Amino acid sequence: MKEYKVVLSDDLSCIYEDIAKMNQKTVEESLAIVLERVIHTLLNPPGERRKS
């Protein structure tokens with residue numbers, strides 16, 4: 001597994017800290033979850049169907 005350093009603005013870091021607290025996760029876990037969902041949405045836009 002690779003490790004990356006992410007630098008967030010103060011406002012954005014507060015948002016991620018709040019999300020982490022609400023979901024009882026670490027900030028790192030929250031960042032990973034949000035990033036995974038963003039990538040999934042970019043690859044599979046809502047309303048778009050895959051051709052079989």
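I began with the secondary structure and found two helices and zero strands in the protein; helices (H or I, at least four residues) and strands (E, at least two) are DSSP runs, numbered from the N terminus. I note that this is a predicted model, where local features need pLDDT of at least 70, side-chain atom pairs count only at pLDDT 80 or more, and totals for chains, interfaces and linings use all residues. Residues are numbered from 1 along each chain as its sequence is written.

Next I looked up the overall dimensions. The C-alpha atoms fill a box of roughly 40 × 25 × 20 Å along the principal axes. Buried residues (under 20% relative accessible area, with exposed over 50% and partly exposed in between; 1.4 Å probe, protein chains only) make up 8% of the 52 residues.

Then I turned to the charges: I have 8 positive and 9 negative side chains, with the centres of the two sets 12 Å apart. Lys and Arg count as positive and Asp and Glu as negative, while His and the chain ends are not counted. Each charge is placed at NZ of Lys, CZ of Arg, CG of Asp or CD of Glu.

My last stop was the loop between α1 (10-22) and α2, where Gln24 sits. What is the phi of Gln24? I read a positive value of about 50 degrees, although Gln24 is not a glycine. Is Gln24 buried or exposed? Gln24 counts as exposed because its relative accessibility is 75%.

How values were computed. Side-chain values use heavy atoms; hydrogens and water are left out.
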